[in-house]
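Me: I am new to this structure and would like to learn how to read it. Please take me through a few features, one at a time.

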Amino acid sequence: MVGIRDTALKNKSRLPQVSRRQMLVGATAAGGLAIAWSLWPREYQTNLTAAPDEHVFNAFLKIGDDGHVSAIVPQCEMGQGVTTLLPQIMADELGADWRTIAVETAPISPLYTNTLLVDEDSGLFMPRTGVPDFVADVRGWARREWAVRHAVMLTANSSSVRMFEGPCRAAAAQARALLMMAAAARWDADWEDCDTQDGFVILGKQKLRFGEVAAAAALLEPPAEPVYRASSGDPLYGKELTRLDLPAKVDGSANYAGDIRLPDMVFAAIRQGPVGATRLKSINRKAGMAAPGLLYVVTHDRWVATVARNWWAANRALDRFAPVFETAGTPVSTDRIDAALKQALKDGGYRMSHKGDIAEAMTGRNRITAEYAVAPALHAPIETRSATAAPDGARLRVWVATQAPAQCRDAIAAATGLSPGDVVLFPMMAGGSFDACLDHSVAVQAAIIALQIKRPVQLAWSRAEEIMRLPPRAPVRARMSATLNAAGGIDALVTRIAVPPTNHEVRARLFDNVPADVAQRAAVGSADAAAVEGAATSYAIPHHAVDHCPADIGLPTGRWRGNADSYTAFFTECFVDEMATRAGTDGLSYRMAMLGDAPLLARCLLTATSLGGWEGGVSGTAQGLACHSMRGSHIALMATARQSDKGLQVEQLVAVVDAGRLVNPAVARQQIEGGLIFGLAAAVGATTDYAGGVATARKLGQLGLPGLSQTPQILVEFVDSDREPGGLGEIAVPVVAPAIANAMFAATGRRIRRLPLSAQPL
């Protein structure tokens, strides 16, 4: 199913039409698939391993005879705190002692499928645009079934808590019931009269440690439905508990893929060619083999790797081999990218969403138009892509940070000719990711090298290699066109966004193991709802439309923290600010007048301006606003920024967030603060030009990232809420750039419509 396109989208009309034949064929195909899968027997058993003194209760919990509780986490820990948040949810429901909680990474299993992500990001699994609702409903079911059967355990879209709070809480409730049953059997009591607290099963003055009854409890049959714990007088949920991964990260004992050490292990460095249809043409083998410390050289159609007893020697040897690559077609360059985006904006596109009657609202009326441009955005995590691979008889063991472990394993198997069952994957923590760990190239390369040299090897990309080869978030160009009502408010708004269909590229790479250049070319011209996500705003604009204009830029692109919202919020919030100025009112009043249908976002905006001391956005105040909603969360940001003799200086960021219930307020604050800093980096840098098919930057210092002295004072406030948890990992990123741009207008009177923020006009 992966890679199927809707035939309705091949016709570049503004509103794709579906013929009766297409509807019937689509319904029949989806219905037939539904029937076939409903008849396919399915029952998944937990595949956890247990030590002799510990006992498996379900897919999420093990308890040892010594009382320790192992919480099984099916998501990649990449700094967002998921290895604390999910265990905290389970410990609270279980009635456990937090000091006894341990964490284990979940094995690959359909039991841990992220079905929420499948539903929210449906375009990543099967396009649904332009089909009738009943076909879309069947397709939705089919997507979920396909994802479960393929163990799609993706970590993305700020979905970890939103997806797994329910399953984790239910698993803990079931384990708690079993513990109470085992204890009640000893006391000859009714188990439902028991309770749990601080790692004990209690009944009046009687109590037993979890470890004392774990063995017996694990053999019992749980209730058909989870029996949840009554509210505790001292709940763990909502407490600012210390992160479980923090001590190891502070003392350096935390293991990442690059920290693995194995007997007889060697180290590899790699050189890959320009992006595009590239192949390795030649190497200077004679000069390279004379490199000090060199042990092996491994060549591939698309890369060359050197192996030595240390990474430095391996990397130095690459220069001596002087690899020569050849690339078909015109090399990627910044000029080519810009030209493609401009052309796509002029060409016809796909209308991805609409409200009201745009044509009538704009015909014969004065239109106000502004264009915006956004450069490619790099991930630039602290840890470059790294993997360790070791042959083990007929099997292969691989250690790597991945946000999609089953797909990483399958990619390794496909590249090496092994069966997926013969690839043993150890998912590691990531030293930052921002969706970079959805790319599995390094794991595949390490596996190929290890099998060829027949010994354990650790491959690490250099910083230059990562900057040049890892697909960035796509560059974008947008045109905002509006007509105003008599009061100066926005009556109609059309948002046209020229950007590659990244989701189609990612799907082909992730699920079909298609090379980046092939995936990029195959996706050309496709409509992609995810590419314009967030452009359909929360503002009450009577007539509104969003168009996706697919751009063929020749550069493979990837997912990134905040994805499309990271630029669509920039377009909308800057344009709204311009309309406020045109109407002669301040940005707060103008926004509030359009937020009648978004009270939660309006509350965040009012609170942020109150905390920050909003002065009306008049000239010289250097204050700017932006607000946004995504993944069930809402944020408003007030920035204070001005031009100094050292360049742009952001003095203060005041953020107010409504993210529903907070499992751990301290971790939530870290996520918002980290997102604001990440957004600041993307606002002022985190990009590169391209020439000759490669990025021109090679080092972190060339990316224009903000230094410590440029980091502003940050104030974060959360709105108390009992709503279901919203996403926290991405929500802070989209609002930073527009709030700063709007602040710079208040300070200087100049509008900035380009990211990274630049006074250069479009």
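Predicted model: local features only at pLDDT ≥ 70, side-chain atom pairs only at ≥ 80, totals over all residues.

Me: In which sense do β14 and β28 pair, parallel or antiparallel?

Reply: Strand β14, residues 368-374, pairs with β28 in the parallel sense, over 2 bridges. Within this pair, V374 stands opposite L755 of β28.

Me: What should I know about side chains in a strand?

Reply: In a regular strand the side chains alternate between the two faces of the sheet.

Me: Which strands make up the open sheet of 3 strands?

Reply: The order is β5-β6-β7, with antiparallel pairing. Its edge strands, β5 (195-197) and β7 (206-209), each pair on one side only. On average, neighbouring strands of this sheet are turned by 30° against each other, direction ignored. Between strand β6 (residues 200-203) and β7 there are 4 bridges, and V201 stands opposite L208 in β7.

Me: Which helix lies across β5, β6 and β7?

Reply: That is helix α5, residues 160-187, which runs at about 50° to β6.

Me: How many residues lie between the strands of the hairpin formed by β15 and β16?

Reply: There are 2 residues between β15 and β16, and G393 in the turn has a positive phi of about 65°. The two strands, β15 at residues 386-392 and β16 at residues 395-400, pair in the antiparallel sense over 6 bridges. D392 stands opposite R395 in β16.

Me: What joins β16 to strand β17?

Reply: The two strands run parallel and are joined by 5 bridges, with β17 covering residues 423-427. R397 stands opposite V424 in β17. Together with helix α12 (residues 405-416), β16 and β17 make a right-handed β-α-β unit.

Me: Now the aromatic rings. How many aromatic pairs does the structure hold?

Reply: The structure holds 10 aromatic pairs. To read one, look at the distance between ring centres and the angle between ring planes. For Y372 and F571 the centres are 5.9 Å apart and the planes are at 40°, so the pair is tilted. This pair links distant parts of the chain: Y372 is in strand β14 and F571 in helix α17 (residues 565-583), 199 residues apart.

Me: Is Y372 buried or exposed?

Reply: Y372 counts as buried because its relative accessibility is 0%. F571 also counts as buried, at 0% relative accessibility. Ring pairs join Y372, Y567, F570 and F571 into a cluster.

Me: Why is the pair of F434 and F678 called tilted?

Reply: The ring planes of F434 and F678 are at 40°, with the centres 4.5 Å apart, so this pair is tilted. F434 lies in the loop between β17 and α13 (441-453) and F678 in helix α20 (residues 665-684), so the pair ties together parts 244 residues apart in sequence. F434 is partly exposed, with a relative accessible area of 22%, whereas F678 counts as buried at 11% relative accessibility.

Me: Which peptide bond is cis, with omega near -5°?

Reply: The bond from L755 to P756 is cis. P756 is found in the segment after β28.

Me: Last, the polar contact. Which side chains does the contact of 2.9 Å join?

Reply: This contact joins the side chains of H504 and R507. H504 is in helix α15, residues 502-512, and counts as buried at 9% relative accessibility.

Definitions and conventions:
Residues numbered from 1 in each chain as written. Heavy atoms only, no water. Buried < 20%, exposed > 50% of the residue type's maximum accessible area, 1.4 Å probe, protein only. Polar contact = N/O pair within 3.5 Å; in protein donor to acceptor, adjacent residues only side chain to side chain. Pairing = 2+ DSSP bridges. Right-handed = clockwise from strand over helix to strand, strands pointing away. Axes fitted to C-alpha atoms, helices over the stretch in contact; angles between N-to-C directions. Contact = heavy atoms within 4.5 Å. Phe/Tyr/Trp six-rings, centres within 6.5 Å; stacked < 30°, edge-to-face > 60°.
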